[in-house]
Amino acid sequence: MLAGAMIVFSLTASSFVTPAILGGPKVKLMPYFVYTQATTTLDWPYAAAIGFVLVVVTTGLLLGYSRLLRRGNGQVVFG
C-alpha cells in the first residue's frame with residue numbers, strides 16, 4: 001500500500017491536465033503554473049526555476065519516503 005501511494009504521488013506531482021480541467025485558472029498547482037508561465041507569459045527563465053524547484057521537492061519527498069519504506073524491513077513502519 002505504501003509503494004502504491006508513492007507511485008500515485010509521483011504521477012500526480014507532475015500532472016497539469018487534471019487541475020486545468022477541474023479547476024481552471026482558479027487552481028494554482030505548480031505544474032499548471034509552470035505551464036502557464038512558459039506558454040502564456042513566455043517567461044521561460046521563471047518557468048524553468050519553478051520547474052526545477054518542483055523536481056527538487058518531489059525528488060526529496062520520494063527519497064525520504066523510499067528510506068522510510070526500506071527502514072521497515074517487513075515490520076510495521078507506522079506503528
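Start by selecting T36 and F33: a polar atom of the T36 side chain sits 2.9 Å from the backbone oxygen of F33. This falls under polar contacts (N or O atoms within 3.5 Å of each other; within protein, one must be able to donate a hydrogen and the other to accept it, and residues adjacent in sequence count only if both atoms are side-chain atoms).

Before you move on, a word on the model. It is predicted, so local features need pLDDT of at least 70 and side-chain atom pairs count only at pLDDT 80 or more, while totals for chains, interfaces and linings use all residues. Residues are numbered from 1 along each chain as its sequence is written, and side-chain values use heavy atoms, leaving out hydrogens and water.

**Zoom out: the whole chain**

Switch to a cartoon view and you will find 4 helices and 0 strands, running α-α-α-α from the N terminus. Helices here are DSSP runs of H or I with at least four residues, strands are E runs of at least two, and numbering starts at the N terminus. Of the 79 residues, 23% are buried. Buried means under 20% relative accessible area, exposed means over 50%, and partly exposed lies in between (1.4 Å probe, protein chains only).

Now show the surface: the protein has about 5,900 Å² of accessible area, and 72% of that belongs to carbon and sulfur atoms. The areas come from the Shrake-Rupley method with a 1.4 Å probe; for residues, only the protein chains shown count as cover.

**Select helix α3**

Return to T36, which is in helix α3 (residues 30-39). T36 counts as buried, because its relative accessibility is 16%. Next pick Q37, also in helix α3, and buried at 12% relative accessibility. Leaving aside residues up to four places away in sequence, Q37 touches L42, D43, Y46, A47 and I50; a contact means heavy atoms within 4.5 Å.

How many aromatic pairs does the rule give? The count is 1. The rings of F33 and Y46 form an edge-to-face pair, because their centres are 6.0 Å apart and their planes stand at 90°. This pair links distant parts of the chain, with F33 in helix α3 and Y46 in helix α4, 13 residues apart. Rings of Phe, Tyr and Trp (its six-membered ring) pair if their centres lie within 6.5 Å; planes under 30 degrees apart are stacked, over 60 edge-to-face, and the rest tilted. Y46 is partly exposed at 41%.

**Step to the loop**

Pick L29, in the loop between α2 (17-22) and α3. L29 is partly exposed, at 41%. Its C-alpha is 9.1 Å from that of A13, 16 residues away in sequence.

**Last stop: the nonpolar patch**

Select F9, M30, V53, V57 and L61, which make up a nonpolar surface patch with about 400 Å² of accessible area together. Patches take residues with over 30% relative accessible area and no salt bridge, joining like charges within 9 Å and nonpolar side chains (Val, Leu, Ile, Met, Phe, Trp, Tyr) within 5 Å. A salt bridge is a side-chain nitrogen of Lys or Arg within 4 Å of a carboxyl oxygen of Asp or Glu. Helix α4 (residues 44-72) gives the largest share, 3 residues, and L61 lies in that helix.
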